[in-house]
Amino acid sequence: MTQHAEPAVTSPPAPGPQETDGRTAERPLVVRLLARPEVGVFLGAVAVYVFFLISAPPVRDASSMANILYQSSTLGIVTIPVALLMIGGEFDLSAGVGVITSALTAAMISYQLTMNVWVGVIAALVVSLAIGFFNGWMVVKTGLPSFLVTLGTFLILQGVNLAVTKLVTGNVATDDISNMDGFDQARKVFASSFDIGGVQVKITVFWWLLFAAIATWVLLRTRYGNWTFAVGGNKDSARAVGVPVAFTKISLFMLVGFGAWFVGMHQLFTFNTVQSGEGVGIELIYISGAVIGGCLLTGGYGSAIGPVFGAFMFGMVQQGIVYAGWNPDWFKAFLGVMLLGAVLINLWVQRTMTRR
Amino acid sequence: MDRSSHPRSRRIAPVVAVAAAAALTLAGCSSSSGGKKSEEGGANASAGKATTPRMTVALVTHQSPGDTFWDIVRKGAEAAAAKDNIKLIYSSDPNAGNQSNLVQNAIDQKVDGIAITLAKPDALKAVVGKAKSANIPVVGLNSGVSDWKKLGLMEFFGQDESVAGEAFGKKLNDLGAKHTVCVIQEQGNVGLTQRCDGVKKTFSGKTDVLYVNGTDMPSVKSTITAKLKQDSSIDYVTALGAPYALTAVQSVSDAGSKAKIATFDLNKDLTTAISKGTIQFAVDQQPYLQGYLAIDSLWLYKNNGNYMGGGEQPVLTGPAFVDKSNVDAVSKFAANGTR
Amino acid sequence: MTDNTSKTHGAILQDAAPGTDDGVIVELRNAGKAYGNIRALHGVSLKVRPGQVTCVLGDNGAGKSTLIKIISGLHQHTEGEFLVDGAPVRFTTPRDALDRGIATVYQDLATVPLMPVWRNFFLGSEMTKGPWPVRRLDIEKMKQTADHELREMGIVLDNLEQPIGTLSGGQRQCVAIARAVYFGARVLILDEPTAALGVKQSGVVLKYIAAARERGLGVIFITHNPHHAYMVGDHFSVLRLGTMELSAERSQITLEELTNHMAGGAELAALKHELSQVSGVDVEELPEKEDLTAPVAASPEGTS
């Protein structure tokens, strides 16, 4: 025995070919492609589109497509930040009523104080970001599941929306602000239409695609995106290597606030008034849009393009059933089938990817 | 590490926004048109106050939060309570089981009278029996015109939804409509379904039913647009609530359709739309009256033993048609949120 | 900051120990930690020198993880002293520790499984280019650097885009080690790197520990396996119930002694006594108390 000798292992190992053998063998192209988070939903969206193209003749009309895209965009603008948040490992159940909170804030501040509507718009942005900050801060500081925290916020906002509106306006809906200063300008930004080859396309569609492009770039090409994946994939690892976990999570919640604000403003400047009881249940559509779009419920995986197709699938099915002239009683059933299918694909993807 | 610059600029954003908002305010950035300042001070409809002993009445409805319609019902009930020296306890839950619990809650508080809506009569049968055995008078309002007697309610104030629907259908016939789509904003709601069925019964043209997601206005808008595009022969949109009728106006223009719009129920913006001619007519069931009469009837019963409707017939508050010819008389009340 | 990192990288060996005569980078003097009134660690002294592997051994609950948390900046010590380069320090975040060249490779949470290898390599210290707001990741450079650094450590991966979760446990540890080395770590804390691995994989990790030492790093190797520790260690500390039971240079101790200390000789004897009263347990083959406290050839647990 050479117990007092130098340590047994001294030299760095030489790189050998057997090191890579079997571990990184090229997987079939199809499998690698399907492992992209957005490919599953892309194929799904194409399938749904083709399906309705055949079974619902009005869908072939370009203006019908504009309408489907419009519906998709009002969901999609919030679905994108909700998806980023989900990649960051958290939920936001308050996003749906947050949209209405934002719209109510803008409408009431402008109307009650008789201000230029832009004052209300900016105040609403502050309120929306503050709600996001509160959600994020609570989740980070308490360590409670975001499901619980945002469920609380969801209920609070639902009550506050109603109570404050009633208190301030004496009604449960805000007053019409369409004849106020700045309204036409704000409408141009949030709720106008463009003429493209004779088809009226809503501006929200452009915003939606622009936000998706920015979100994709941020997610894949910036440190912030890297951190988003990391805090959702393994929060403790991320913290240990110096990723600012609290900042990343709180700011993701605030991004959802931004999305809610944007759609809130769209609703306000489209419909001139806001009903305080709306928005309940929409949060689940945002979340399912993100899940259908290939984001894992457990976080750490997903894309910003996937949710675009997710929202499109929602809009397509919802409107497609009407265009096809079918019994709309089946809508929810269709949605359920879609959601289950998407979750199954995601499960399979996760297993394929992490298979040793 | 340059980590800090990126986060800081984000954190600053809200601060900048607040500062900007404050600056705008200071700069006198007030709107020269519209807004609160342009509103005229409207007088509330309040009569003198009764000197009868204080009594407590519970109003339990199936309202879902934030519904304009129920707000008007409640205002009517509050006006009656103020006049009759009644303490009004208002509660509501769209879930029938929960609504039944709320009624039980009122019984436990030993109220002097209960007014309830019978959206799902069977679920409330047991608790109405309990109220009766506790000698608490119960009246119905709004929903349940065909069930109130079976359940043993004293009186009923509301609109027969089927009758209202039938009247609506006849009106469409008179206006020469050929094809209508009846937009239901809450799938599975009995009252809304009865309205559409009523329309279908008397309307001589074709009636389609369309379900929309009432809590998501952009979705309502695009779904109606889709329907109008899918079937261009539709010449009348039948909305079942004022906000949905107003949204349908945008759908019609988006779809490039020539369809006209008519609706059940009223609100402030809707009366404006009727006088402008963007909406043809509305069937008003006078929700204010329903709330008012329900509370007032309990006061009358307690203090003078009266039965409205003689205890046999429902007191119908609708259908009352509001169109361009009579909208001016209605609009000023609607502006107060009471019609 | 990209340049910053590379500078640190190049300077590892030079600035190893400015303030001290014997080159000690990290030193604990009678350090301890109490959580409320529970004392998790007490009176622990430890020195880490460049080019040496300091092994910290101990059973579950002996205080090893508390020790790591103090050195890596996750927790603060409540008694004694913690010195880096001869100056007392108190880290509040892992970032502080990293900035002083102390990197920790955790057993389970060294990486984010679903992220590609190169992203994991640079996570938290990404290379960027371009001015804000269009500052973006320098992906090409990061991939090249990651590949180069991994090859330096003897790890060859033909696809850096594969999620790190698809690598074997040993490979993942090695990526984490290579990463810490690249980012200017002077001291590497390895938390039970071999615990979840098979024999072959453990060997691979031990080779990289040796490689890190060759590059002049101070290594704190936390383990409960004396055999692994003895393969690469220069100094051995054994923790028991939050205190230091043994601190010895390699020249002062044999593998058998280390094993006995690790196994807890006295406790095992008592256990043997108890087991002898349970029928069906053959205690004849187990060593006696005398055997356990003196350095002998018998190994109570056998080889693991």
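These are some notes on the predicted model above, taken chain by chain.

1. Housekeeping. Residues count from 1 along each chain as its sequence is written, and chains are lettered from A, with ligands numbered from 1, in the order in which they are written. As this is a predicted model, local features need pLDDT of at least 70 and side-chain atom pairs count only at pLDDT 80 or more, while totals for chains, interfaces and linings use all residues.

2. Chain C overall. Taking contacts in chain C with a separation of 6 or more, 69% join residues 24 or more positions apart; a contact here has the two C-beta atoms, placed from the backbone, within 7 Å.

3. The six-stranded sheet. In chain C, 6 strands make an open, mixed sheet ordered β6-β9-β10-β3-β11-β12, where pairing takes at least two DSSP bridges. Its edge strands are β6 (102-105) and β12 (243-249) of chain C. Neighbours in this sheet are turned by 15° on average, direction ignored. Inside it, β3 (53-58) and β10 (218-223) of chain C run parallel over 5 bridges, with Leu57(C) opposite Thr223(C).

4. Helices on that sheet. Helix α6 (169-182) of chain C lies across β6 and β9 (187-191) of chain C, at about 175° to β6(C). Helix α7 (199-214) of chain C lies across β3, β9 and β10 of chain C, at about 155° to β10(C). Such angles run from 0 to 180 degrees between N-to-C directions, with axes fitted to C-alpha atoms, for helices over the stretch in contact.

5. The four-stranded sheet. Chain C also has an open antiparallel sheet of 4 strands, in the order β2-β1-β4-β5. Each of β2 (38-48) and β5 (87-88) of chain C has a single partner strand, so one side of each is left without a neighbour in the sheet. Strand β4 (79-84) of chain C meets β5(C) over 2 bridges, and Val84(C) stands opposite Ala87(C).

6. Met115(C). Where does Met115(C) sit? It is in the loop between β6 and α4 (117-122) of chain C. Met115(C) is buried, with 24 other C-beta atoms within 10 Å. Leaving aside neighbours within four places in sequence, its contacts include Phe229(A), Ala230(A) and Gly233(A) as well as Pro163(C). Gln162(C), 47 residues away in sequence, is 7.8 Å off, C-alpha to C-alpha.

7. A helix pair in chain A. Helices α9 (223-233) and α11 (245-271) of chain A pack at about 100°, axes 10 Å apart. That makes α9(A) roughly perpendicular to α11(A) (65 to 115 degrees). Trp227(A), Thr228(A) and Val231(A) of α9(A) meet Val245(A), Thr248(A), Lys249(A) and Leu252(A) of α11(A).

8. Chain B against chain A. In all, 47 residues of chain B are in contact with 55 residues of chain A. Elements giving two or more residues to the chain B side include α1 (5-26) and α8 (242-255) of chain B.

Methods: Angles under 35 degrees count as roughly parallel, over 145 as roughly antiparallel, 65 to 115 as roughly perpendicular and the rest as oblique. A residue is buried if 20 or more other C-beta atoms lie within 10 Å of its own, exposed if 12 or fewer, and partly exposed in between; C-beta atoms are placed from the backbone.
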